[in-house]
Amino acid sequence: MTQWVLSGLAARVRTTRYPARQDQSPGVSPGFPVGRALADGDRGAVVERCPTGALTRRDRRIWVDPRRCVHCYRCARGDDALEWQQGYEWAAVATSRPAGEERTPPLSSAFARSLHVRVVDAGDCGACLHEVKQLANPYYNAHRLGFFFTPTPRHADILIVVGPGTDQMRTALEKAYTALPTPRRVIAVGACALSGSVFGPSFACSDGVRSIIPVDIEVPGGPPPPFAILHALLVATGRAQPAGWAAGTQWAARPGPAAEESGA
Amino acid sequence: MEAAATVASIPEEWSTRIDVHQDRQGRRYEVECRPDTLQDLCAWIVQTLDYSFAGLVVEQQSGEWSLRYLFHAADARSGRIDVLLRQPLSQVHFPSISGSLYAADWHEREAEDLFEIAFDGHPRLGDFILHDDAWQEGLAPMRKDFNGREPPALRAPNPNWRPDRIVHAPGVFGMPIGPVYSSTAESAHFLLETVGEDVIRVVPRFFYKYRAVEKIAEGRPAEDALLLAERFNGITAFAHGLAFAQALEAIGGIEVPQRALALRVLLAELERLRHHTGAIQEICESTALVVAASQAAILEEELLRLSGELTGHRYLYGLLACGGLSRDLDDAALRAATVRARGILQQLQALEKRLVRTSSFLDRLEQVGIVTEEEARACGVVGPIARASGLARDLRVALPYCGYGGYGFEVPKEAEGDGYARLRILCAEARQSVRIMEQALASLPAGPVRAADIRPCAGAALGWTEAPVGAAFHWLRVDSRGAVVRYRIIPPSFANWHVFHLAAEAFAFQDFPIILASFGLSVAENDR
């Protein structure tokens, strides 16, 4: 058994210093497209290459809706490509709570060093779920920040939902949400959970989990890297600021007629 | 035995037509038959010719049903056989072949559920993909007249659903697991019926994650359907995207440039290496060997970062395109990545050496979760699980694609079929993957990475890859505008979950999570 002790020590400490210090290691983020002002003669044809409607033209600018970007990189190729920026502090406070409901504030400092998280897979492709799972690996080690996964929603403060919200998971998701004690927060992770991405809406799938349960924090990306999910947990406990999206990106209103209007 | 002679020796009364096609994808026989001879013919192809059943493709075409049963041989020379059965649309009864070909069992259940067609003689139809507690009977979403874009009016979810108990005896305890269970497990339901510690029946229930990928692909431009192929199972995105792209290229007769072929091989093997490292990590974690699990997790994260640095995306999204790759990769970066992959493999091998010296770890895997060779053969198991049970089937050898025929590698095989054999297969395949990556790099030609002339072209074709979990088949039919008419995915997890309950029965309750981990299967891939 000594071999495990010795090899464990020999593996050195790999854990990131984030959030005390930004982690700039290569390969930790898939990046995100940034909108731009349209110069004279630039028709903004790149918008038409976007398969999910994440790019729109308005007021002589190209706008990016982070909720809909699925990282197909079509706007990153070609002569008129958009610039993609690295980084991962993408978690934003949801703007889409039903009318009449206030946006929820962060959880109190009582949760700062002990936050229990239940993950529900509502039809995820496996990538977002896999990135959530990576939080437990030595590089991210979410335990050091007081974040713990729990197998039961009754012990959880946070519900992380991945996947577009399939019809056959609807009942299970509602039950898991109801079983959470209050105060509780819901973090929707990934483009599918935020907008249905390439899957929804359809007869089998919703256009994002907020049509099933209320969502407090949104993490865009397909999939968002572990650092982005870590950022969301920090935002939920008031230990980090939500994303300040650079000029040219936007958080569209709930998809549907309103979004089309603003994108026109 | 020469396959041409054997296929030609199909008794005349069984078939109405035999065509032979020879193209870039290899040799393919198309055998049309009548309903009354289907079962004998399919059983003969598997038992006498020793072909493997790959899957069933149901198509609703103008005026008729077309059922295509796909078979492939174990060696490159013999190629594929498609058995075709056609009937008018009004005739919705088909003979079931799963009595003599058990591998077709789930395929028939799926077709019955989604098309509302009947397979006469099948003992267990109904409640499969569309759960009875969420959908009303009579819904046929895969039929052409069903609008997949809107929620159906017929919906009455029943929150009080309980699994059916099969074993009725004194002392039997039913333990339902899922669909929300463990800390980061995918959604699926398993009913374990136990007597004391022994699990005597396992009844899995899947398709909680059914996103109807095959239905929503219909009508979309093929290049957008590629996004679905990549994203329905993100863990092995490249393998499925590649199978789809190959189907599309076969339809259009597009020749992929040599550089793109070599890069595809390199990236597919990088994905396999990362997947297998993750699977080994899961096995370590399931046995609560924390240090080993952390060490494997470090290697997995390093491979994810390596993929991200090399291609821009940690799961290799957005690289594949019809006719090649959407962008070229830098030679120096590829060389550096391959050297790093070799280094990570060496650490994985050191970890394997420590694992096989740890008796408490081996005790949990050896003689646990056994799939015998007969079971594997009967259920049509593919990939590492089949190879751990003595079936050395690998599409890279059986139906070479992307020039795999020119690479030197071995297909590892073990006989025991237990969890330990599966672990050894994963480790051995990781070694072969790095070997192939190095060969692809060494022979990497210069040149374009995407075919120049790509036009939409009507037609249908099958694309396939040996995905990390096993053989993946994508059947695609597009119209002259390049829009998808029918898309059928036959993922390896669909074949392998079929045998899972046999492996998990007759073992102790606490072995269940370990057997689950040693299977290393994806639910998203199965559910689609």
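Predicted model: local features only at pLDDT ≥ 70, side-chain atom pairs only at ≥ 80, totals over all residues.
Tutor: Helix α5 (residues 222-231) of chain B is mostly covered, as nine of its 10 residues are buried.

Student: Which strands of chain B are among what covers the buried residues of α5(B)?

Tutor: The buried residues of this helix include B:A222, B:D224 and B:R231. Their cover includes the helices α4 (213-217) and α6 (237-252) of chain B. The strands in that cover include β11 (320-321), β14 (470-478) and β15 (484-490).

Student: How many disulfides does the structure hold over all chains?

Tutor: A disulfide is a covalent bond between the sulfur atoms of two cysteines. For B:C284, the closest cysteine sulfur is in B:C427 at 8.7 Å, which is too far for a bond. For B:C33, the closest is in B:C42 at 6.4 Å, again too far for a bond. Over all chains, the number of disulfides is zero.

Student: Is A:L6 buried or exposed?

Tutor: A:L6 is in helix α1 (residues 2-10) of chain A. Together with A:V5 and A:L9, A:L6 forms a nonpolar patch on the surface, with about 340 Å² of accessible area. The relative accessibility of A:L6 is 56%, so A:L6 counts as exposed.

Student: Where is A:R60, which has a positive phi although it is not a glycine?

Tutor: Most residues other than glycine have a negative phi, and most peptide bonds are trans. A:R60 has a phi of about 55 degrees and is partly exposed at 48% relative accessibility. Its place is the loop between β2 (55-58) and β3 (61-64) of chain A.

Student: Is B:L316 buried or exposed?

Tutor: B:L316 also has a positive phi, of about 60 degrees. It is found in the loop between α8 (290-311) and β11 of chain B. Its relative accessible area is 1%, so B:L316 is buried.

Student: What is the omega of the peptide bond from A:G222 to A:P223?

Tutor: A:P223 lies in the loop between β10 (217-219) and α5 (226-236) of chain A. The bond from A:G222 to A:P223 is cis, with omega near -15 degrees.

Key: Residues numbered from 1 in each chain as written. Chains lettered and ligands numbered in written order. Heavy atoms only, no water. Disulfide = S-S within 2.5 Å. Patch = residues over 30% accessible without salt bridge, like charges linked within 9 Å, V, L, I, M, F, W, Y side chains within 5 Å. Areas by Shrake-Rupley, 256 points an atom, 1.4 Å probe, with all protein chains shown as cover. Salt bridge = Lys/Arg side-chain N within 4 Å of Asp/Glu carboxyl O. Helix = DSSP H or I, 4+ residues; strand = E, 2+ residues; numbered from the N terminus. Buried < 20%, exposed > 50% of the residue type's maximum accessible area, 1.4 Å probe, protein only. Contact = heavy atoms within 4.5 Å.
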